[in-house]
Amino acid sequence: MLTHQERLLLHHLSQFPTDHKKECVEHVLNARTRYVTVVLEDIYQSQNASAVIRTCECMGLQDIYIVENTTTYDINRRVLKGSEKWVTLHKHKDKGVDNTENAFKELKSKGYTILGADPSETGISIDEIKVDENPIALVFGNELRGISESTMNMCDKIIKIPMYGFTESLNISVSVAITLQSILTRLRKSSVDFLLSESEKEILRLNWYRKIVHRSDIVEREFMRTIA
């Protein structure tokens, strides 16, 4: 929830973007969700991690969890195309700890059911995921090994994308897109209240205006002096 001063700042910054830009912000905010999130565990190719972030932003996700145990997260700006500015990245990269376990503890504290993506026959189809029980965290692993065995053991369920060809796996960004499409399509047809609250939208609106307004740091500093 914004403070009184932050609301005044939001009103001030709202005078700078064009009406078209503000309408675009509201359109995106009204479709945004934290009910579904994606966890990326040890993705080592920057173009893959960046493609997933871009996919998640395009499909309306706000939160993405980055787990670094053996691989450092990196970005590819040509692939991202600025999408990282509009999402919230939760990075777990402490040394000497199991960052996956710590990320899962955070997600569990927020009520998420954790679903690990793996092509094994033991998983349930993405089309069978129950979307109306709890918020959903989708875990995707390393390009070569997939999610680790210890991670699989920590997940509530293992999920898979039905495939009918000879090739055993899909590119990670494609896997994320197919899975999100299945879940979000059903959520939009359900009675689940999966969109952001008004207070969440207000906080993001301020953060996004700060990114949209040219030299917003200077504009903000000068404005805050006038109300101090």
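This is a predicted model: local features need pLDDT of at least 70, side-chain atom pairs count only at pLDDT 80 or more; totals for chains, interfaces and linings use all residues.
When its neighbours within four places in sequence are left aside, the residues in contact with Glu57 are Arg32, Ser83, Trp86 and Val87.

The chain holds 9 helices and 7 strands, and 45% of its 228 residues count as buried. Among the contacts of the chain with a separation of 6 or more, 83% are accounted for by residues 24 or more positions apart. Taken along the principal axes, the box filled by the C-alpha atoms is roughly 60 × 40 × 35 Å. For 228 residues, a compact globule would have a radius of gyration near 17 Å, and the 19 Å of the chain agrees with this.

Two pairs of packed helices were then examined. Such a pair is described by the angle between the two axes and by the distance between them.

The crossing in which helix 1 passes helix 9 is right-handed. From helix 1, the residues Gln5, Leu8, Leu9, His12 and Leu13 take part in the contact, and they meet Val219, Glu220, Phe223, Met224 and Ile227 of helix 9. By class, the residues of this contact comprise 7 nonpolar, 2 polar and 1 charged.

The other pair consists of helix 2, residues 19-29, and helix 8, residues 198-212, with axes that come within 11 Å and cross at roughly 140°. Helix 2 and helix 8 are therefore also described as oblique to each other, and helix 2 passes helix 8 in a right-handed crossing. On the side of helix 2, the contact involves Lys21, Lys22, Val25, Glu26, Val28 and Leu29, while helix 8 contributes Lys201, Leu204, Arg205, Trp208, Tyr209 and Ile212. The residues of the contact between helix 2 and helix 8 divide into 7 nonpolar and 5 charged, with no polar residue among them.

Methods:
Residues are numbered from 1 along each chain as its sequence is written. Side-chain values use heavy atoms; hydrogens and water are left out. A crossing is left-handed if the near helix is turned anticlockwise from the far one by less than a right angle, and right-handed if clockwise. Helices (H or I, at least four residues) and strands (E, at least two) are DSSP runs, numbered from the N terminus. Contact means heavy atoms within 4.5 Å. Ala, Val, Leu, Ile, Met, Phe, Trp, Tyr, Cys and Pro count as nonpolar, Asp, Glu, Lys and Arg as charged, and the others, Gly among them, as polar. The radius of gyration is taken over C-alpha atoms; the globule rule is 2.2 Å times the number of residues to the power 0.38. Buried means under 20% relative accessible area, exposed over 50%, partly exposed in between (1.4 Å probe, protein chains only). Axes are lines fitted to C-alpha atoms, for helices over the stretch in contact, and angles run from 0 to 180 degrees between N-to-C directions. Angles under 35 degrees count as roughly parallel, over 145 as roughly antiparallel, 65 to 115 as roughly perpendicular and the rest as oblique.
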